[in-house]
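Biologist: I would like a close look at a single part of this model. Please walk me through it step by step.

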Amino acid sequence: MECVICHGKDIKFKEVKEEIKNGDDIIFVTVTVPVCKTCGERYYDRATMRKIENHRKNIKSQKLKEIGKVLELI
């Protein structure tokens with residue numbers, strides 16, 4: 001496989017965190033996808049996209065673990 005962005009050939013499967021925004025909250029979903037080691041371009045198959053979309057649709061009914069806080073100075 002060759003990267004469509006930089007034409008690099010060093011593409012390896014890597015675990016990445018995708019962000020789902022829900023109001024002011026950000027939920028991370030971990031997926032394993034091919035990533036270009038040269039430029040960082042990610043490649044998603046249909047099954048991975050369905051997984052992310054299903055999480056986005058069902059976010060209210062899923063268990064979430066708080067891993068930190070973001071504070072804003074007012």
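Which residues form a nonpolar patch on the surface, and what is their accessible area together?

Modeller: Keep in mind that this is a predicted model. The nonpolar surface patch is formed by Ile 26, Phe 28 and Ile 67. Together they have about 320 Å² of accessible area.

Take Ile 67 to begin with. Its place is in the segment after α1, the helix of residues 46–57. Ile 67 counts as exposed because its relative accessibility is 67%, and exposed means over 50%. Ile 74 also lies in the segment after α1. Ile 74 counts as exposed too, at 96% relative accessibility. The C-alpha atoms of Ile 74 and Lys 17 are separated by 29 Å. Along the chain, these two residues are 57 apart.

Now turn to the strands. Strand β2 covers residues 25–36, and strand β1 covers residues 11–22. The two pair in the antiparallel sense, over 12 bridges. Their hairpin has 2 residues between the strands. There, Gly 23 takes a positive phi near 65°.

Glu 18 counts as buried because its relative accessible area is 18%, and buried means under 20%. What does Glu 18 touch, leaving out residues up to four places away in sequence? The list includes Phe 28, a member of the patch. It also includes Ile 27, Val 29 and Val 31. Arg 42, Tyr 44 and Ile 52 complete the list. With Tyr 44 there is a polar contact as well: the two side chains are joined at 2.3 Å.

Last, look at the charged pairs. The count comes to 4 salt bridges. One of them joins the side chains of Arg 56 and Glu 53, at 2.7 Å from N to O. Both residues lie in helix α1, 3 residues apart, which is about one turn of the helix. Arg 56 is partly exposed, with a relative accessible area of 37%. Glu 53 is also partly exposed, at 34%. Another salt bridge links Glu 2 and Lys 9, again with 2.7 Å from N to O. Here Lys 9 is exposed, at 63%, whereas Glu 2 is partly exposed, at 38%. Lys 12 and Asp 10 form a salt bridge too, and their closest N and O atoms are 3.7 Å apart. Lys 12 is partly exposed at 44%, and Asp 10 is partly exposed at 36%.

Key
Residues numbered from 1 in each chain as written. Predicted model: local features only at pLDDT ≥ 70, side-chain atom pairs only at ≥ 80, totals over all residues. Heavy atoms only, no water. Pairing = 2+ DSSP bridges. Helix = DSSP H or I, 4+ residues; strand = E, 2+ residues; numbered from the N terminus. Patch = residues over 30% accessible without salt bridge, like charges linked within 9 Å, V, L, I, M, F, W, Y side chains within 5 Å. Areas by Shrake-Rupley, 256 points an atom, 1.4 Å probe, with all protein chains shown as cover. Buried < 20%, exposed > 50% of the residue type's maximum accessible area, 1.4 Å probe, protein only. Polar contact = N/O pair within 3.5 Å; in protein donor to acceptor, adjacent residues only side chain to side chain. Contact = heavy atoms within 4.5 Å.
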